[in-house]
Amino acid sequence: MTLKEAIEKFDREVKNNIPSEIKIDWLSLLDSAIYTDIILTHENPEHISFNGYTTDTDDNTRLLVPEPFSDIYLRFLTIKKDLYLSDISRYNNDVILYSTAYRDFENYYNRNNMPIKKTLYFNV
């Protein structure tokens, strides 16, 4: 899924008037967390890198999470929208869906990528 596709899907499925710049910031925040917490803790044979998204980022930039797990982006934008609009009751329901989507991707990534082995040496 690309940056543009994620925003368009969110706008189609969730009525909102949130500016695109904010949605891009939110997507950058999510992919930054995924990159730091999941990808960097594993071997990276595909040499995935991440430098954040801005309004200058190409709309066709691929997001980090592949299909069939890309629903995580819609879920994350939804919970951020709920907080943006101070709709806590919706947030409480939507955060469960987001957490499940995040966990599903994390489990998939853990199953298919070797964790980085850290060896600790003690000097005596």
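Predicted model: local features only at pLDDT ≥ 70, side-chain atom pairs only at ≥ 80, totals over all residues.

Where in the chain is the place of Ser 86?

Tutor: Ser 86 has its place in the loop between H3 and H4. Residues are numbered from 1 along each chain as its sequence is written, and side-chain values rest on heavy atoms, without hydrogens or water.

The backbone at Ser 86 deserves attention: phi there is near 55°, a positive value in a residue other than glycine. Most residues other than glycine have a negative phi, and most peptide bonds are trans. Pro 68 belongs to the loop between H2 and H3, whereas Ser 86 belongs to the loop between H3 and H4.

The protein has four helices and zero strands (DSSP runs numbered from the N terminus: H or I of at least four residues for helices, E of at least two for strands). From the N terminus on, the order of elements is α-α-α-α, and the C-alpha trace spans about 60 × 35 × 30 Å along its principal axes.

Helix H4, which covers residues 88–112, packs with helix H2, residues 20–37, at an angle of about 40°, and the two axes are 12 Å apart (lines fitted to C-alpha atoms, for helices over the stretch in contact, with angles from 0 to 180 degrees between N-to-C directions). On the H2 side the contact is made by Leu 30, Ala 33, Ile 34 and Asp 37, which meet Tyr 98, Tyr 102 and Phe 105 of H4 (heavy atoms within 4.5 Å). By class, this contact of H2 with H4 has six nonpolar residues, no polar residue and one charged residue (Ala, Val, Leu, Ile, Met, Phe, Trp, Tyr, Cys and Pro are nonpolar, Asp, Glu, Lys and Arg charged, the others, Gly among them, polar).

H2 also packs with H1, here at an angle of about 115° and with the axes 11 Å apart. From H1, Leu 3, Ala 6, Ile 7, Phe 10 and Asp 11 take part, and they meet Ser 20, Lys 23, Ile 24 and Leu 27 of H2. The residues of the H1 and H2 contact comprise six nonpolar, one polar and two charged.

Nine aromatic pairs are found in a search of the whole structure (rings of Phe, Tyr and Trp, its six-membered ring, with centres within 6.5 Å; planes under 30 degrees apart are stacked, over 60 edge-to-face, the rest tilted). One of the pairs joins Tyr 35 and Phe 50: the ring centres are 6.1 Å apart and the planes stand at 45°, so this pair is tilted. Because Tyr 35 lies in helix H2 and Phe 50 in the loop between H2 and H3, the pair ties together parts that are 15 residues apart in sequence. The loop that holds Phe 50 is also where Pro 68 is found.

To return to the residue in question, Ser 86 carries its positive phi in the loop between H3 and H4, and H4 in turn packs with H2.
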